[in-house]
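Trainee: I would like to learn how to read this model. Please take me through it step by step.

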Amino acid sequence: MTRFILMVLALASLSLFGPSAFASDCAVDSYDHNGSTMEVQQCDGDLFISYSAPRSGLAKIGVIPGTLLFEGNLRPGNRVSGQARLFSAKCGEITYDVSGTTSGNSIVLSGSAPKRNSSCRVISYSTDKLLFTLNVGATPAADDWYVIAGSFRSTAAAQRLVDRFNAGRADWFIKNTRDCPNFTNGYSIATIGPMSKALATEWKDWTGQPDAYIKTCN
């Protein structure tokens, strides 16, 4: 009899405090981040951004599907704050503080990213930005802008510029101009995108490259 009463109480507890009672107010969306598909999860004021389909080449620095890039909080006024991660095949991952905003179909974060030397020691910091754009089907022309920091006949030369801009996360990447109908064929470019024209202009200014420019792919 005692065992029966305990079972009844246990079942009543599950009905009162089961999954439905503790269900979180969560939303999951797909975003683009420099050619990688990201899973953005908003859950009870918390925000998590992880790689769903990483861009080719990121595996060499330890980024695979499910790798967490950002975790933080959503605050009043569409503000976001938390920690982003940098990745390195040699040094592993390291976190740093970022903050920013959500606006329309995009999330923009920035912070001081650590730079590490060959011994994996932090030697300096540089301003870094992360842009995430909601995947809503075909990319509209308004969000088809790229920043071209340099155009080279040699992939190795483009890689040197990409390595200079990146702080271990590989936001900047090499793109062959044959992939974009609006680009002159035959070059390897150090680039970041796609994004809006306004954001592309900000990124161009950030590079400090006098010959950097912005252009649409299509």
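Trainee: In which sense do strand β9 and strand β11 pair, and over how many bridges?

Mentor: First, a word on the source. This is a predicted model, where local features need pLDDT of at least 70, side-chain atom pairs count only at pLDDT 80 or more, and totals for chains, interfaces and linings use all residues. Residues are numbered from 1 along each chain as its sequence is written, and side-chain values use heavy atoms, with hydrogens and water left out.

Mentor: Now the terms. Helices (H or I, at least four residues) and strands (E, at least two) are DSSP runs, numbered from the N terminus. Two strands pair if DSSP finds at least two bridges between them. Here β9 (residues 145–152) and β11 (residues 188–195) pair in the antiparallel sense, over six bridges. Take Trp 145: its bridge partner in β11 is Met 195.

Trainee: How many bridges join β9 to β12?

Mentor: Four, and the two strands run antiparallel. Tyr 146 has Lys 215 as its bridge partner in β12.

Trainee: What is the strand order of the open sheet?

Mentor: The order is β10-β11-β9-β12, four strands with antiparallel pairing. At the edges sit β10 (173–176) and β12 (213–216), each pairing on one side only. From one strand to the next, the twist averages 50°. For angles, axes are lines fitted to C-alpha atoms, for helices over the stretch in contact, and the values run from 0 to 180 degrees between N-to-C directions.

Trainee: Which strands does helix α3 lie across?

Mentor: Look for contact, meaning heavy atoms within 4.5 Å. Helix α3 (residues 197–207) lies across β9, β11 and β12. The helix runs at about 35° to β9.

Trainee: Why is β9 largely enclosed by the rest of the structure?

Mentor: Start with the cut-offs: buried is under 20% relative accessible area, exposed is over 50%, and partly exposed is in between (1.4 Å probe, protein chains only). Six of the eight residues of β9 are buried, so β9 is largely enclosed. Across the chain of 218 residues, 39% count as buried.

Trainee: Next, charged pairs. How many salt bridges are there?

Mentor: Side chains of opposite charge can pair when their charged atoms come close. The rule for a salt bridge is a side-chain nitrogen of Lys or Arg within 4 Å of a carboxyl oxygen of Asp or Glu. By this rule there are four.

Trainee: Which residue does Lys 129 form a salt bridge with?

Mentor: Glu 202, with the closest N and O atoms 2.8 Å apart. This pair links distant parts of the chain: Lys 129 is in strand β8 (residues 122–134), Glu 202 in helix α3, and they are 73 residues apart. Glu 202 is partly exposed, at 39% relative accessible area.

Trainee: Which residues are linked in a network of salt bridges?

Mentor: Glu 71, Arg 85 and Glu 93. Between Glu 93 and Arg 85, the closest N and O atoms are 3.0 Å apart. Arg 85 counts as buried, at 12% relative accessibility. Glu 93, at 46%, counts as partly exposed.

Trainee: And Asp 205: which side chain does it meet in a salt bridge?

Mentor: That of Lys 204, at 3.3 Å from N to O. Asp 205 is exposed, with a relative accessible area of 52%. Lys 204 is partly exposed, at 25%.
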